[in-house]
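Here is a friendly tour of one protein model, written for someone who likes to know the cut-offs behind each term. Have the viewer open and follow along.

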Amino acid sequence: MPHSSDNNGPLVKRQRFNATAEALRPSNPASRIFAPFRTVGLVSPTNVPFTSVALGKTTYQITTSVGCALQTYDLKRGLNLVFVTRPQTPEKITALYAWKEKIFAAWGDPSNGEEHGIWVFQRGRKVAELRLPDDLDQPIQQILVFGSWIVGCASTRLEVWRTGTLEHYTSLHTMAGKKGDNEITGGVVNMPTYINKIFVGRKDGRVEIWNVSTGKLIYIILPPSPGCGSVTCLQPSPALSLLAIAYSKGLLVIHNVLTDLSIIQLNAGHEDEPISTISFRTDGMGAGTDGRKDGVMATATASSGDVTFWDLNRGGRVLGILRSAHNPPNEDGPVVRGGVSRVEFLPGQPVLVTGGLDNALKTWMFDETPFSPVPRILHQRSGHAAPVKRLQFLPSDFDGPDAGNKWIISGGEDRSLWGWSLRRDGQSTELSQGNIRRDAKKHGMLSAKALARGPTTTLEDLKAPEITCIAISLNRDGGIGAIPGKQPIWQKRRDRKVQVEAEVSGMTGWESVVTAHKDDLFARTWFWGRKRAGRWAFPTGDGANVSTVAISPCGTFALVGSSEGALDMYNLQSGIHRQRFPSKLSPAQARQVKMLQLKQADSTSQLDSSLGSGFLPGTGRHTKAVTGIIVDSLNKTVVSCSLDGKVKFWDFVTGGLLRQIDWSSVPVTASRYYAANDLVAFACGDHSIRVVDMGTRRTIREFWGCQGKVTDFCFSNDGRWIIVASEDSLIRVWDLPTSHLIDAIRLAAPCESLSTSATGEFLAASVRGELGISIWTNKALFKHVPARQISETGVALTSAPTASGEGGQGLVEAAFDEEATVEEGDAVVTPAIDQLSADIMTLSLVPRTRWQTLLHLDLIKQRNKPIERPSAPEKAPFFLPSLQGDKLSALEKAAAAANAPEATSKITRLERGRLQELFTNRLSEGAVSGNYGNFIEYLKSLSPSMADLELRSLSIGDGGDNESNGLLHFIRALTRRLGERRDYELTQAWMAVFLRLHFDVVMEGETILGALQEWKDLQERESKRLDDLTGYCGGVVGFLRSPRT
């Protein structure tokens, strides 16, 4: 059994396994605390090409697939996200096509036993569905809509529907051939002026021409030679009857369909990188030496991130190559995605749209003056091209109090650092690592021979390695104006290239983010406000790789831990090395320590007593990799943990070792700090979480239950919970005061990293193998969560958040969930002793969310109020009866009748009168007897909305000191409760709501003002007494914790 090194202290409170545990019901797999909200960071993560459609003459809308949903971007708004489709498709989307105002999406693969179908969306909503034949057992790989026909392309067959009625018309099967030769590999296209004709590319290199109206095969275009391979892409050109055909062996042919002759043959690719997408420029510009001629073609492949532009005049030639328009595929495997899925010239515009397998969508602009055959970037929307490894919410002290809920910073396996905005999707951006394209051009990586130099000459190699640790402190972040001017990035040498004056950096601020990287010798800094790389790259003290980093709460110092045990501190403002732990000794000090170590034990004991800490100067270095660094909120103590099983407490100023906790048999893999209660949690190699109090430096909690390695963990915003993710695909929530496991979430794959927002509204998590970041909402903000023990055996698989947010739950939905059933044992149990002592100010056991909701009830109702009233539908012709109109008029009549006092239901009036009578009677009884206990208990049992109604119903009566003056007796009831020193927070909330509702009436009555003055005097006395007691207790605790005592 794990043990603690503090044998003299009290026993550690471990998790209670013998407590009464209730398994979560498999029929209700939802978490009790967290509800799925949505997924951020997805733009184009699948291999389904995007589709575009023109909206009038002003803009274009581009739609991409994000798995089971579609996202539509508006080009005029800078690729702003305008629609996300709902509902989500049951299976992954396999093809999509935009036609007029509708989007057709095919989903599912019946060959794998999945359901399949084709849905029609309009403005983000499903409006129709196409019926598929019962014998179709192949997935729809492409959709084409032209004229009055809808064509769905499967592996060896074509399905045809009518656009007017969406009825299935016919099924077309490709001509039989050798096994597999009739497979459709080049898709299906339609050419202008060829009515009802479609062109189908086959695996054997043939192109079939079908008439969809008659269902007949008209003609077959043979390949130029037997060795061309299969057709990979078809694209009609702006010139009539000319069709571009790409083959898998690299040949590209411009074929005249009318005469069945090849006009141009180009070696556009090769066998390893066949052309997969083609597009023609239609604005009449771009070709020739001056760019004034027509005839530009763009080609790209999924095996490369380059886009090649061709001048088709005079037989065709390469006009230019846009190198690394998208990330190239990773040579080591499918970890980092890359390649171009589709290129498309917008009709009549010098704009090119490219979609990549690297989760990116980009638009490019061709300049006419000066002429450039290669475009420049216009707009782009992208995300991580590889799974997210580390993420963290930004602290709340940046850009207002709510900034902790606004931004998430994340690092992925694609060597990028991203900032994600939860308020506006268009604000999300990647932090710049410098002009990588300029550096690549300088090193010759963008030349024509770059591909021959091997996979190490890609743009990704110019980025910093994969991020393994992120540390943030925004106290010294200067925003967009931090250290203005052009500064070199990541200076690694001691003699810095450019020195910034301390006055300038002191006024504008400096870097606020420090990252550690995989197998890297340097920790790197970043400007969060400027969204770019910082000036410094800090090395480790022993020359080993960086294992972890941290930033002091003041934002001035960065601490770097190495994989061999070194721990160093740097100044972020100047980049100068300031301290190492343990501190470096001078030659004289080193000789003195060596001599003292050779002396007898009594001399060493005298030295230890003189030093006070019990450790010799310059000793105590970790022997293995440092895995966690913590700096306390006062910059007095540095806490470090290591794989050697030791937790060390260092003096921040001197670098001396103050104390250590020895868990030698258990390596410590990570640490997290919660400053409000000075607690540090450590993840250990035995799959446990240990919590240490920094004040006493003793272990106070141990949590067990993870069946695999702990991948990440964090404190909740209030420090009451510890949320832990492990390799067994579970996210566990432990309650610190009771040591109970109070919630668990089972995911489809292990969670790599997680973080909670500063206000506790959101939990962000990254799942292994996923490009997006899952956001969960905290239902405990408006709903009581019991702290009783649960069992993990009944935890079922939980649905993860989706890109569309479908099935998610808002934050305020639980506030008015009055019909929710309370599980057995969930109710708050009142202890037998209400108050330990009459001299102690006691709080109530009413959930905090109840009286907080009462305070802000008007605001919550205003937010949930409909924006506009329901409008009546348009009237039908006089000869058709309008059923909807009759129903609406009946509803309006019923609503008007309900609002009329004389038409109110007798049952409703009796129930309302009974409740008001109960409230008034208990208040009157308390006024007569002088004991308002029953009245207070009844008021505590009311819901926020009912309590607000009762407070509004209070009346002044005749204004005298009698039973009819409800306002007077209510003030006296709260005064009596305050005098008893019970339910302190409830009395404050009730009085605040009461004064807000009846302030005008209270100011007019002298009797009520007198009672209110008594409340004020008693409140001032109690406040002064509590301030004195708090100050006294704080002074005593500070005296006992002072190292001088």
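## Two prolines in loops

Let us begin with Pro87, which is found in the loop between strand E7 (80-84) and strand E8 (93-99). Helices and strands here are DSSP runs, numbered from the N terminus, with at least four residues of H or I for a helix and at least two of E for a strand. The bond that joins Arg86 to Pro87 is a cis peptide bond, with omega about 0°. Another cis peptide bond runs from Phe581 to Pro582, where omega is near 0°. Pro582 sits in the loop between strand E43 (577-580) and helix H3 (587-598).

## About the model

This is a predicted model, in which local features need pLDDT of at least 70 and side-chain atom pairs count only at pLDDT 80 or more, while totals for chains, interfaces and linings use all residues. Residues are numbered from 1 along each chain as its sequence is written, and side-chain values use heavy atoms, with hydrogens and water left out.

## The overall picture

The protein has 13 helices and 59 strands. Of its 1045 residues, 50% count as buried; that term means under 20% relative accessible area, with exposed over 50% and partly exposed in between (1.4 Å probe, protein chains only). The accessible surface comes to about 49,300 Å², and 52% of it belongs to carbon and sulfur atoms. These areas come from the Shrake-Rupley method with a 1.4 Å probe, and for residues only the protein chains shown count as cover.

## Positive phi values

Most residues other than glycine have a negative phi, and most peptide bonds are trans. With that in mind, have a look at Arg697, whose phi is positive, near 55°. Arg697 is placed in the loop between strand E50 (689-693) and strand E51 (698-703).

Ser729 is not a glycine either, yet has a positive phi of about 70°. Its place is the loop between strand E53 (721-726) and strand E54 (730-735). Is Ser729 buried or exposed? Ser729 is buried, because its relative accessible area is 13%.

## Salt bridges

Side chains of opposite charge can pair when their charged atoms come close. A salt bridge here is a side-chain nitrogen of Lys or Arg within 4 Å of a carboxyl oxygen of Asp or Glu, and the count by this rule comes to 40 salt bridges. In one of them, Asp367 pairs with Arg376, with the closest N and O atoms 3.0 Å apart. Asp367 is partly exposed at 27% relative accessibility, and Arg376 is partly exposed at 41%. Arg524 and Asp520 form a salt bridge with their closest N and O atoms 2.9 Å apart, and both Arg524 and Asp520 are buried.

Arg768 and Glu727 also meet through their side chains, at 2.8 Å from N to O. Arg768 lies in the loop between strand E57 (762-767) and strand E58 (773-778) and Glu727 in the loop between E53 and E54, so this pair ties together parts that are 41 residues apart in sequence. Arg768 is partly exposed at 34% relative accessibility, and Glu727 is partly exposed at 31%. A network of salt bridges links Lys389, Glu413, Glu727, Glu752 and Arg768.

## Cavities

Rolling a probe the size of a water molecule over the atoms shows where empty space is left. A search of the whole structure finds four cavities of 30 Å³ or more. A cavity is a set of points, on a 1 Å grid over the protein atoms alone, where a 1.4 Å probe fits but cannot get out; lining residues have an atom within 4 Å of a point. Grid points are joined across faces, edges and corners, and a volume is the space filled by probe spheres set on the points.

The largest cavity holds about 70 Å³ of space. Its lining includes Val846, Arg850, Trp851, Leu939, Pro944 and Trp990. Helix H5 (848-855), helix H9 (933-941), helix H10 (944-952) and helix H12 (984-1002) each supply at least two lining residues, and H5 gives the most, with three.

Methods:
On a 1 Å grid over the protein atoms alone, a cavity is a set of points where a 1.4 Å probe fits but cannot get out, and a pocket is an open set with protein on both sides within 12 Å along at least five of seven lines; lining residues have an atom within 4 Å of a point.
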